[in-house]
Amino acid sequence: MSRLDSFIRRITAQRECLNEAARAIEGLDGVVFELGLGNGRTYHHLRERLPDREIFVFERSPAAHPDCMPDAEHLFVGDVHDTLPAAVERFRGQVALLHCDLGTGDLAGNRRLADFISETIPPLMAPGALVLTDPAFDLPQAERQALPDGVEPDRYYVYRWPGRTAETARAAG
Ligand SMILES: C[S@@+](CC[C@H](N)C(=O)[O-])C[C@H]1O[C@@H](n2cnc3c(N)ncnc32)[C@H](O)[C@@H]1O
């Protein structure tokens, strides 16, 4: 497969997973964490899909298009090794959706970062929350979810935190 085809498949998988997650967290209270602003494409997409949610972005060197730049209150500038642990007390149990897109061309570095984030996020997650990532996380307490129709296995990784789901929250009123 050409690198262009592979890129298109990854980006399509990302969009489909984000769309499904945005629907799935309807009725679930909580904020969104976006790890990795980059060009701001996925942040912008989440803002469109979740206009009423607070979205907090973590990025070490913000350089997105001005339309895709969070305001200062919603942007944590710095390395996630520092900024994510520092956010735990403030956001304990309040994150309904966490999307991690921190990847670079350094595959071993991506794996180490994924392991660090897997260890750091558990206290942040709300019951029933979703985690979207590539590469995979090691989250024994969460349940890996099927990918949306048409998305190839292992193109993206989706996990659901145990506890109250959006569906049960809706049912309970
Ligand atoms: C693949 S890009 C994100 C793309 C973005 N989701 C988009 O749609 O435009 C990865 C971003 O993660 C950031 N990043 C990588 N490692 C980081 C770290 N340890 N701490 C903070 N930001 C990091 C990079 O600076 C880069 O902007």
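Reader: Which residues line the largest cavity, and what makes them lining residues?

Author: Cys 100, Asp 101, Leu 102, Gly 103, Asn 110, Leu 113, Ala 114, Ile 117, Asp 134 and Pro 135 line the largest cavity. A cavity is a set of points, on a 1 Å grid over the protein atoms alone, where a 1.4 Å probe fits but cannot get out, and lining residues have an atom within 4 Å of a point. The model is predicted: local features need pLDDT of at least 70, side-chain atom pairs count only at pLDDT 80 or more, and totals for chains, interfaces and linings use all residues. Residues are numbered from 1 along each chain as its sequence is written, and side-chain values use heavy atoms, with hydrogens and water left out.

Reader: What volume does the largest cavity have?

Author: The volume is about 50 Å³, taken as the space filled by probe spheres set on the points. The count comes to one cavity of 30 Å³ or more.

Reader: Which helix gives the most to this lining?

Author: Helix α4 (residues 107-120) does, with four residues; a helix is a DSSP run of H or I with at least four residues.

Reader: What about Asp 79?

Author: A polar side-chain atom of Asp 79 lies 3.2 Å from a nitrogen atom of the ligand, so this pair also qualifies.

Definitions and conventions. Polar contact = N/O pair within 3.5 Å; in protein donor to acceptor, adjacent residues only side chain to side chain. 1 Å grid on protein atoms, 1.4 Å probe; cavity = no way out; pocket = protein on both sides within 12 Å on 5 of 7 lines; lining within 4 Å. Helix = DSSP H or I, 4+ residues; strand = E, 2+ residues; numbered from the N terminus.
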